[in-house]
Amino acid sequence: MASVLVLYAHPAPHKSRINRRLAAAAREVEGVTFRDLYELYPDFVIDVEEEQKLLKEHDVIVLQHPFYWYSAPALVKEYLDLVLTYGWAYGEGGAALQGKILLQSISAGGSEEVYCSQGRNRFTIRQLLAPFDQTACLCGLRYLAPHIIHGANQLTDAASIQPFALRYVRLLKALRDQTLPLELAAAAEKINDLIPA
Ligand SMILES: Cc1cc2nc3c(=O)[nH]c(=O)nc-3n(C[C@H](O)[C@H](O)[C@H](O)COP(=O)(O)O)c2cc1C
């Protein structure tokens, strides 16, 4: 079994419809360590030592967040800036994360159709996440295709969100139980279709 660390980042959790339900479901999955970054660090003062210790202890790291301005909420960037230090995560002697897995679980307001070369947003979400992909690569992490929930703002009630929460739980369990086809998951646009039913 792999140990899974979920780093949840939502700057307005009380307003969240999707992520707060996915987060609640993720917290209950056995073998998953769940961290709510905005709850832990409302003032952005990140405990780097503690976060590095947790990253080191886990095999799989999941960044769960809404898609904000084609990227992640600000605390995720701050986390990466502070925690992935030279000589620890990358550079000379920096091998702490080698061989681990990183993926993102994202909810996006936009539909799948607008995220393509002909669409309004011009790029796929996977393409827009290139800085995360390359950060993972530099640190020796294996970056998997993101788990994406499109049309997030149309999903307003618990019943319509529930299937996505269940799919997310299946994803976390598959990561934990190492049952995902990793080659395919690394190459795909999104991991959604590779999650066991
Ligand atoms: C500041 C901000 C920026 C956003 N940027 C994007 C974006 O770039 N692309 C997109 O598809 N949706 C964008 N959205 C919509 C959010 O992704 C959507 O509201 C969120 O995923 C819903 O999840 P939640 O219910 O957990 O908040 C943005 C929303 C906010 C508030």
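The model is predicted, and the points below are grouped by topic.

**Ligand site**

- There are 17 residues around the ligand, and those that come nearest are His10, Ser16, Arg17, Ser107 and Tyr115.
- Histidine 10 has a side-chain N or O atom at 2.7 Å from an oxygen atom of the ligand.
- Asparagine 153 also uses its side chain: one of its polar atoms there lies 2.8 Å from a ligand oxygen atom.

**Salt bridges**

- The count of salt bridges in the model is eight.
- Lysine 190 and glutamate 112 form one of them through their side chains, with an N to O distance of 3.4 Å.
- Lysine 190 lies in the segment after α8 (182-187), and glutamate 112 lies in the loop between β4 (101-107) and α5 (125-128), so this pair ties together parts that are 78 residues apart in sequence.
- Lysine 190 counts as buried because its relative accessibility is 18%, under the 20% limit.
- Glutamate 112 has 41% relative accessibility and therefore counts as partly exposed.
- Glu112 and Lys190 also belong to a network of salt bridges that includes Asp193.
- A further salt bridge joins the side chains of glutamate 183 and arginine 142, at 3.0 Å from N to O.
- This second pair links distant parts of the chain, with glutamate 183 in helix α8 and arginine 142 in strand β5 (residues 142-143), 41 residues apart.
- Glutamate 183 counts as exposed, with 62% relative accessibility, whereas arginine 142, at 31%, counts as partly exposed.
- The side chains of aspartate 177 and arginine 176 meet at 2.8 Å, N to O, in another salt bridge.
- Of this pair, aspartate 177 is partly exposed at 34% relative accessibility, and arginine 176 is buried at 11%.

**Positive phi angles**

- Tryptophan 69 is not a glycine, yet its phi is positive, near 45 degrees.
- The loop between β3 (60-66) and α4 (74-83) holds tryptophan 69.
- Tryptophan 69 counts as exposed because its relative accessibility is 80%, over the 50% limit.
- Glutamine 178, also a residue other than glycine, has a positive phi of about 55 degrees.
- The position of glutamine 178 is in the loop between α7 (158-177) and α8.
- At 56% relative accessibility, glutamine 178 is classed as exposed.

- Strand β3 is largely enclosed by the rest of the structure, because seven of its seven residues are buried.
- The cover applies to both faces of β3: Val60, Val62, Gln64 and Pro66 are buried on one side, and Ile61, Leu63 and His65 are buried on the other.
- Strand β1 (residues 4-8) pairs with β3 in the parallel sense, over five bridges.
- In this pairing, leucine 5 is placed opposite isoleucine 61 of β3.
- Strand β4 also runs parallel to β3, and seven bridges join the two.
- Here isoleucine 61 stands opposite leucine 102 of β4.

**Leucine 55**

- Leucine 55 is a residue of helix α3 (residues 48-57).
- The relative accessibility of leucine 55 is 3%, so the residue counts as buried.
- Leucine 55 and leucine 84 are 29 residues apart along the chain, and their C-alpha atoms are separated by 9.9 Å.

Technical notes. Residues are numbered from 1 along each chain as its sequence is written. This is a predicted model: local features need pLDDT of at least 70, side-chain atom pairs count only at pLDDT 80 or more; totals for chains, interfaces and linings use all residues. Side-chain values use heavy atoms; hydrogens and water are left out. A residue is near a molecule or strand if one of its heavy atoms lies within 4 Å of it. A polar contact is a pair of N or O atoms within 3.5 Å; within protein, one must be able to donate a hydrogen and the other to accept it, and residues adjacent in sequence count only if both atoms are side-chain atoms. A salt bridge is a side-chain nitrogen of Lys or Arg within 4 Å of a carboxyl oxygen of Asp or Glu. Helices (H or I, at least four residues) and strands (E, at least two) are DSSP runs, numbered from the N terminus. Buried means under 20% relative accessible area, exposed over 50%, partly exposed in between (1.4 Å probe, protein chains only). Two strands pair if DSSP finds at least two bridges between them.
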